[in-house]
Amino acid sequence: MKRQQVPWRILYVAYPLLTVSEESAGGAEQVLWTLERELSRRGVDTTVAASSGSSAAGELFATGDPCRALDDFDRRNHEHQDQVVELLRRRARQGQPFDLVHDMSGSFWTRAQEVGVPLLATLHLPRSFYPRESLENISANVALSFVSQAQASTFRGLLSTRATVINNGIALERFVPNLSREDRDGLLWLGRICEEKAPHRALEIARQASLPITLAGQTYPFSYHQRYFETEVAPRLSSVSNTAFFSLPSVAEKHRLLRRAQALLITSQVEETSSLVAMEAAASGTPVIAFRRGALAEVVRDGVTGFIVDGVDGAVQALSLIGEISSAVCALHARENFSSKAMADRYLHLYSQTLGLDPRTSGAVPTSSPAAA
C-alpha cells in the first residue's frame, strides 16, 4: 500500500557523462536540475543519481566521475547504471524504497525490469538517436514522456506503453529581459558544439550579414565532437572577422550574452525536440532566428518572437527584419509559455498517474495547473 501522508521519494537519474548543476550545458541536465529544485521546494523527497561534482536541492547520490577519457561512454554508463540499480535495491532492503524513478539519462529505463519500481522516462532526444531495440518489449513498469508534440509525433506506431507530452520550462525568475534595442551588439550562438548543432553555419550567417558574432558552448568528450571543432569551427573563428568564443560560459556570462545580443541563432541540422536556449533568449527579450527543425517552430513564434528559416540564406534575410521583433513581446511570451513551475505542476500530475493515484489525495503537494500538456 502506498504511503498517503508523507512526501513521495523520487529518484532522478541523470546522463552519466556530465554533471548536474546550475552550470550544466546539456538540456536534459538543465531540465533535471530545474525540476528537482522546484519539486524539492514543494516538499517532495528528491534524490539525484549523477556524476561526482553534481549538485542537488535534495540528496545527491554520486555514481562516479563524469569520464576518464574521450569516448568513455560505454564504460561510464555501465558503471552509472549498476550504481543506480544497487541504490534502488539497498533502499528497498532498508525499508525506505523510492516511490518512483524519473529517468532523464536516455537509457536507464531499459533496465527497469531489474528494479521493480515504477519508472518514468523522459525522452529528450530525436527519435533517430534511440536504438530501435530499446523501444521494443518495454518493461511493464515504464511510462514515457516527450518534451514536444513534434518529438512525440515521430514515435507514433512504435510504442506499446503509455506516453504523454510535457513541455520543458525554465526558471523565469533568473532572467531579466533587456527591453532596449540600442543596448545590443551582434549575434549569438550558444549551445553544445557538435556537427548536429552546426555552429559553423552560424559563423557563415554572420560573415554574409557582416555582423559580429559570439560563439559560446561546450565540446563534449567524444572524439568526433573534438574533430568537428578542430576542422569546422576553429578555422572559421580565425578567418571570420569580429568573432568571439567562450568555452563553458558561466551562468552569469550566459545571461549577459543573451541580453546583449541582437539575435540568437539556432542552426541545428537535426530535428530538435525542444530548445531551452530559445526559451532563455525569449525570457531575455532577445529574438531568435532558427532553422526549421522539429520542435523549434513550437518554441519560436515565427514573426512574433523571431523567425523560422530555411538555411543560411533565409537567416541572413531574416536579420534585416529583426528590428520588427519586440523585446517586450518576447519576454511576455516566455512568461506565459516557458514556466518551470508549470512544468513541475504537470510532472507532479503525471507522477500521480504513473503511480495509479489520485493527485488530490496522494500526498503530493497541490498543483496550480494539474492538466498534463
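**The sheet and its helices**

Tutor: Six strands form an open sheet with parallel pairing, in the order S10-S9-S8-S11-S12-S13; strands (E, at least two residues) and helices (H or I, at least four) are DSSP runs numbered from the N terminus, and two strands pair if DSSP finds at least two bridges between them. This is a predicted model, in which local features need pLDDT of at least 70 and side-chain atom pairs count only at pLDDT 80 or more, while totals for chains, interfaces and linings use all residues. Residues are numbered from 1 along each chain as its sequence is written, and side-chain values use heavy atoms, leaving out hydrogens and water.

The edge strands, each pairing on one side only, are S10 (243-247) and S13 (306-309), and the twist from one strand to the next averages 20° (axes are lines fitted to C-alpha atoms, for helices over the stretch in contact, with angles from 0 to 180 degrees between N-to-C directions). Within the sheet, S8 (residues 187-192) and S9 (residues 213-218) pair in the parallel sense over six bridges, and Gly191 has Gly217 in S9 as its bridge partner.

Helix H5 (residues 223-239) packs on the sheet, where it touches S8, S9 and S10 (contact means heavy atoms within 4.5 Å), and its direction makes about 150° with that of S10. Helix H7 (residues 276-283) lies across S8, S11 (263-266) and S12 (288-291), running at about 170° to S11. H7 is in turn packed against by the buried residues of H10, which also pack against helix H8 (296-299); buried means under 20% relative accessible area, exposed over 50%, and partly exposed in between, with a 1.4 Å probe and protein chains only. In H10 (residues 327-337), those buried residues are Ser327, Cys330, Ala331, His333 and Ala334, whereas the face turned away from the buried side carries the exposed residues Arg335 and Glu336.
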